[in-house]
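Let's take a friendly look at how side chains meet in this protein model. Have the sequence and the 3D view open as you read.

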Amino acid sequence: MHRLADLYEALDATTSTNAKVEALVGYFRDTPPEDAAWGLFFLTGRRLKRLIPSKALRQWVRELTDTPEWLFDETYAVVGDLAEVIALLLDQTERPAATEELPLSRWMEERVLPLAGLSLPEQRERVTGWWHVLPRRELFLFNKMLTGELRVGVSDTLVVRALAQHAGLPPAAVSHRLMGTWAPSRAFFEQLIAPDVSDGDRSRPYPFYLASPLEQPPAQLGERDAWLVEWKWDGIRGQLIRRQGGVYLWSRGEELITERFPEIAEAAASLPDGTVLDGEVLAYAGGQPLPFSLLQRRIGRQKLTARVLAEAPAAFMAYDLLEQEGQDLRGLPLRERRARLEALLRDRPMFPVSPVITAPTWESLAEARHESRSRNVEGFMIKRLESPYQHGRKRGDWWKWKIDPFTVDAILLYAHPGHGRRASLYTDYTFAVWKGEELLPIAKAYSGLTDEEIARLDRWIRAHTREKFGPVRSVEPLQVFELHFEGIAASPRHKSGIALRFPRIARWRSDKTPRDADSLERLEELLHAPA
Amino acid sequence: MNVSPVLDRQPLVTVTSDGLYCPPGDFHIDPWRPVARALITHAHGDHARWGSQRYLGTSPSVGLLRKRLGAEANISTLGYGERLKLGDVTVSFHPAGHVLGSAQIRIEHRGEVWVVSGDYKRDPDPTCLPFEPVRCDTFITEATFALPIYRWDDTRLVAQEVLRWWDGNREAGRASVLFCYALGKAQRLLAELARLTDREVLVHGATHALVECYREAGVRMLPTRPVSEMEKGTSYAGALVLAPPSAAGSTWMRRFGEHETGFASGWMRVRGNRRRRGYDRGFVLSDHADWPGLLRTAKETGASRILVTHGSSDTLARYLRENLGLDAAPLSTPFEGETED
């Protein structure tokens, strides 16, 4: 584990991108492949299934360090990271500088993973034993592995860039090989950096191409004829793979969601072998998309009952063809891919093709955009007809032209400290609106303020706290914020009876008094407005 | 919850709108508003404020107090341990180990003894005398780092770490800009590094003036040169520069070309604090007591009552009460301790 600790230290000790890539390349070069595979597993944000409940970890460290629960909670709120707080609390006596080196893969396979089969007392004995002997920085890494997440301040893009540089491969090839699920093993890592690009894994998706938000008027994109325009569907971006007799549906988050959508999987079985579609999983019935909140029911359920399937039927709205007859089509222009897509999916109602919007000018298009909300879509996608299918968020060929969000003026009611980088600041907020003389919480939001505003609000919160509930503070209901959100749905789980979709802070309205904030009635009107 | 000390007898120190006040001695300690007589624990800006009629501080702090309070300020001094009668009480200053000339203030009144700690630390520091535990009935302690995660490493190890960082940057042809308080931390670093190297260090103007004060007081440190004396166009590759945290992100930084930044502070113990500020490196070094230091000191004073000021005062008071069985309560003051910026 020394090598990973060295790498972590090097990544942590610089804010320079080049220095980070250099450190990563050095790690991949000097580390045996079976260990590098595990390093990569954590660097790309993958996590182990939880082996030990975090409650147990907390209890053990409190017992070992004689820390009362309230003090642990206060400390945790300041640090914001369980692995770190444990490492800092245990760092009380002279710790050993270095232990016998056990390579990372053996740490994982001989020590960490086998914890899964043990009883809590056995787990306690082993874990606290390692806590006693691990040097400080490895103690922290070890805790990170146990608690599931090892964020090191490097993006996947940087890791891919470093791997590509180490392997002498194009980044796109490495990125493709890293998609999907893989087991961190010597074989995997060797295949990952192998020069031979004939990739065997039939389930593996292509890296998604992501659109950039359109910030300028669309007329600046030039000739209308050079662009294909579609609705921006409000569902789950997905890639549907039909290869060698199997069907795989991937979400953009690289999660395999095939089993969540049995009707799509079943229909996909009749697609010709060697087909990969890019598109959107939608709640869909009678040739029309349904609101996103219906789809959410499908995602949220543990078990898909017949009733859920009937209430929230799903379809795959296709908009691109990435592979046909086993051939990678991504280099072809969109015009050609689109023509093939339409021919392929003709007469397949489970796979509607995202219709092309024919409004002939940018002006008439702007007009048509007003229909977005009533169509349950989020605006337009604008794609260059001559563009290949790229990967990542490369600006220039794919644009999303979203409709303006809903807004509400709400009052700050509770504040909670953030995590990681924002651990000692109050950065997570709960907002409320009026119901008569009462304030009802309607949304939690944390993004949208500048660092300077966060610092100012943090000071205000500390000076205007009414009550403390553990790490949460209730504050005097005085500050008004304009929130933006994408949608609203009835929600019996919330006291307010509503749930907002993607709420975020647009502006701190210091010009408004609490009386100027909105009422629940106004939000309920949005709820009942004709869809 | 702010509890003022309620005793059978009049408290020797209370909090007024002007600051900590001793009624039977008729003086304030580190007042935050101008008063008639101010006793000053040390020369940091939140403790030594301008505008009072008469000041009393320790002899070794007089140079720093002059800088802070102005040439006209009426400052008298007392050596450590020297006693002085003020009104009905006897006062004396005792080393606090915080910065040059820093003191705890002992107040004795008809057999009862109170001690106001000011800011203090228990770790060795070549720039000032070590903290001296003083037996007392009531101890007013600071609580800047009163959480069990705050524990300081041996300062010599931290100095070695700084030197390794500087050497690494030198090899790479980069400057190393280390942010640290201009008073106390900078001089402590220069003194600790003097055990390891003899290279010259560049300093920000604000730091420079205070380094000179320390030199006049006989503290041995690395040779320094103010950045302002460097010619335009000088290369800073390989240099170590000490600057106050307020210089971070300012136009003053532009001259250094390729550089890495570091911050020396107790807050750097928590990773998120460093990342939030975007420093490349954090060095855990504080002039305040860490958690074990605070607990140990509370015990060593033998005080039957502990009052806790600035920082995590609620936390420390509760722990002392519930876990060490001491009579402890928070005392609200606007002292800042080690600020995060």
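## Before we start

A residue is called buried under 20% relative accessible area, exposed over 50%, and partly exposed in between (1.4 Å probe, protein chains only). This is a predicted model, where local features need pLDDT of at least 70 and side-chain atom pairs count only at pLDDT 80 or more, while totals for chains, interfaces and linings use all residues. Side-chain values use heavy atoms, with hydrogens and water left out, residues are numbered from 1 along each chain as its sequence is written, and chains are lettered from A and ligands numbered from 1 in the order in which they are written.

## Salt bridges

A salt bridge here is a side-chain nitrogen of Lys or Arg within 4 Å of a carboxyl oxygen of Asp or Glu. Over all chains, the search turns up 55 of them. One joins Arg122(B) to Glu300(B), at 2.9 Å from N to O. Arg122(B) sits in the loop between strand S10 (112–116) and S11 of chain B, and Glu300(B) in helix H6 (residues 291–300) of chain B, so this pair ties together parts 178 residues apart in sequence.

## Aromatic pairs

Rings of Phe, Tyr and Trp (its six-membered ring) pair if their centres lie within 6.5 Å; planes under 30 degrees apart are stacked, over 60 edge-to-face, and the rest tilted. The structure holds 36 such pairs over all chains. Take Tyr150(B) and Trp267(B): they're edge-to-face, 5.7 Å centre to centre, with 85° between the planes. The two are 117 residues apart, so to speak distant parts of the chain get linked. Both residues are buried.

In chain A, ring pairs link Trp38(A), Phe41(A), Phe42(A), Trp182(A) and Phe188(A) into a cluster.

## Cysteines on their own

How many disulfides are there over all chains? The search finds zero, counting a disulfide as a pair of cysteine sulfur atoms within 2.5 Å. For Cys128(B), the nearest cysteine sulfur is that of Cys213(B), 15 Å away. Cys128(B) is buried because its relative accessibility is 13%.

Conventions. Helices (H or I, at least four residues) and strands (E, at least two) are DSSP runs, numbered from the N terminus.
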